[in-house]
Amino acid sequence: MPRVLTCRSAADLVAAGLAPPEALMELERVAARYAVSVTPGLGELIDPADRHDPIARQFVPDPAELDRQAEETADPIGDDANSPVEGIVHRYPDRVLLKLAHVCAVYCRFCFRREMVGPGRRRALSGAALAAAFGYIRDHREIWEVILTGGDPLILSARRLREVMGALGLVDHVKVARIHTRVPIAAPARITPTLARALKSFGKATYVVVHANHPRELTPAARAACARLIDAGIPLLSQSVLLRGVNDDPATLTALMRSLVESRIKPYYLHQGDLAPGTSHLRTTIAHGQALMRELHGRVSGLCQPAYVLDIPGGHGKSPIGPSYISSAAPAEGRFEVEDFKGGRHSYPPDAAGE
Ligand code: SF4
């Protein structure tokens with residue numbers, strides 16, 4: 001029978017058959033520490049008989065979350081250190097994050113903002129705080145792009161989103177609005193034509209970046225929700241997190257990237273897992289991530305290639321950390337050695353003998 005209720009506690013997960021009864025007490029300890037939410041659609045994707053189910057690994061709490069490593073911190077990418085006013089993170093010169101709400105449709109077990117998101121954590125921006133955040137954006141003419149993130153901005157009503165996008169439309173120097181969301185995957189019915197229209201901002205380009213980590217998340221309902229956004233004139237990009245036991249093998253990553261492109265979503269970022277508390281069981285090594293990117297380079301279309309990136313701890317921003325295919329053979333002469341997609345190496349420019 002289809003599950004109809006969102007699971008918001010360990011007891012809900014046990015009642016829905018998504019966690020074994022004997023795990024209840026341990027999972028309650030995790031749920032007391034980090035928010036839990038598994039929507040009916042994502043719950044349906046979980047095979048309770050599979051102890052290693054890749055959807056469950058992302059959303060069902062795990063006692064390993066209570067093990068915090070020395071290098072893990074509450075704010076691994078330094079949001080707070082770069083926040084000049086409430087709700088704004090100004091890390092790069094030409095763009096800011098605008099964090100409207102701190103709740104989500106689902107709570108990912110690897111979330112880098114897990115200490116900030118969830119019921120009872122930080123409150124949503126008040127009217128006064130939002131006005132101050134817009135004052136900051138207006139006063140900083142170097143801000144070209146505003147990224148709505150959170151929490152999940154698409155948890156807000158169409159009316160509220162229309163107000164925010166309308167206000168952005170009045171700031172001349174802002175040209176691009178970008179919205180980061182998990183809602184089209186986690187709660188696709190929320191993406192109505194009315195909500196899609198509310199995301200347009202007069203005179204601005206709006207992009208939506210959908211967070212998806214496993215090909216199974218691209219259900220027919222999720223694809224239809226994404227299509228409603230695209231058909232409303234909003235280009236879609238994706239971001240994925242490289243997660244151990246979820247997508248850290250070439251076949252799954254290939255299937256994920258192809259499913260996204262087939263859904264008219266351009267893969268944008270593949271994130272190295274951040275050093276968020278209690279997430280080491282889900283992180284891979286960077287060496288493994290680079291090896292996977294090499295596999296992708298060798299097997300799939302350029303349309304399916306995301307940039308593999310690391311958010312440098314401490315708020316120093318993102319840098320690409322993918323493998324390099326070029327090395328300097330004779331720097332003074334401007335000669336390089338370039339690797340092709342099959343691993344063959346070639347001189348550039350070619351030497352007189354051909355290579
Ligand atoms: S939807 Fe995004 S912000 Fe919310 S828990 Fe997942 S990763 Fe974190």
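Predicted model: local features only at pLDDT ≥ 70, side-chain atom pairs only at ≥ 80, totals over all residues.

The largest cavity holds about 50 Å³ of space. Its lining is made up of Tyr34, Ala35, Tyr107, Cys108, Arg109, Cys111, Arg114 and Val117. Sorted by class, that lining has six nonpolar residues, two charged ones and no polar ones. How is such space found? Rolling a probe the size of a water molecule over the atoms shows where empty space is left.

Now turn to the open spaces. The largest pocket contains about 730 Å³. It is lined by 36 residues, and the closest to its centre are Phe112, Arg113, Thr149, His180 and Gln239. At least two residues each come from β1 (88–92), β2 (95–99), β3 (145–149), β4 (176–181), β6 (236–241) and β7. By class, the lining of the largest pocket divides into 17 nonpolar, ten polar and nine charged residues.

Where does the ligand sit? The ligand takes up space in the largest pocket. Around the ligand stand Cys104, Val106, Tyr107, Cys108, Cys111, Arg182 and His211. This shell has five nonpolar residues, one polar and one charged. Some names return here.

Twelve of the lining residues of the second largest pocket are nonpolar, three are polar and eight are charged.

Leave the pockets and follow the strands. β7 supplies residues to the lining of the largest pocket. Which way does β7 run beside β8? Strand β7 (residues 265–271) and strand β8 (residues 307–311) are parallel and pair over three bridges. One of the partners can be named: histidine 271 is bridged to valine 309 in β8. Between β7 and β8 the chain passes through helix α11 (residues 286–299), and this β-α-β crossover is right-handed.

β8 has another partner. Strand β9 (residues 318–320) runs antiparallel to β8, and three bridges join the two. Here aspartate 311 has lysine 318 of β9 as its bridge partner. β8 and β9 form a hairpin with six residues between the strands, and in it glycine 314 takes a positive phi near 100°. As a general point on strands, in a regular strand the side chains alternate between the two faces of the sheet.

Finish with the backbone. Most residues other than glycine have a negative phi, and most peptide bonds are trans. Which residue other than glycine has a positive phi near 70°? That residue is arginine 264. Arginine 264 lies in the loop between α10 (250–262) and β7.

Two cis peptide bonds can be visited as well. One joins glycine 150 and glycine 151, with omega about 10°. Glycine 151 belongs to the loop between β3 and α6 (158–169). Another joins tyrosine 348 and proline 349, where omega is about -5°. Proline 349 is found in the segment after β12 (345–348).

Technical notes. Residues numbered from 1 in each chain as written. Heavy atoms only, no water. Near = heavy atom within 4 Å. 1 Å grid on protein atoms, 1.4 Å probe; cavity = no way out; pocket = protein on both sides within 12 Å on 5 of 7 lines; lining within 4 Å. Sits in = over half its atoms within 2 Å of the grid points. Nonpolar A, V, L, I, M, F, W, Y, C, P; charged D, E, K, R; others polar. Pairing = 2+ DSSP bridges. Helix = DSSP H or I, 4+ residues; strand = E, 2+ residues; numbered from the N terminus. Right-handed = clockwise from strand over helix to strand, strands pointing away. Points joined across faces, edges and corners; volume = space filled by probe spheres on them.
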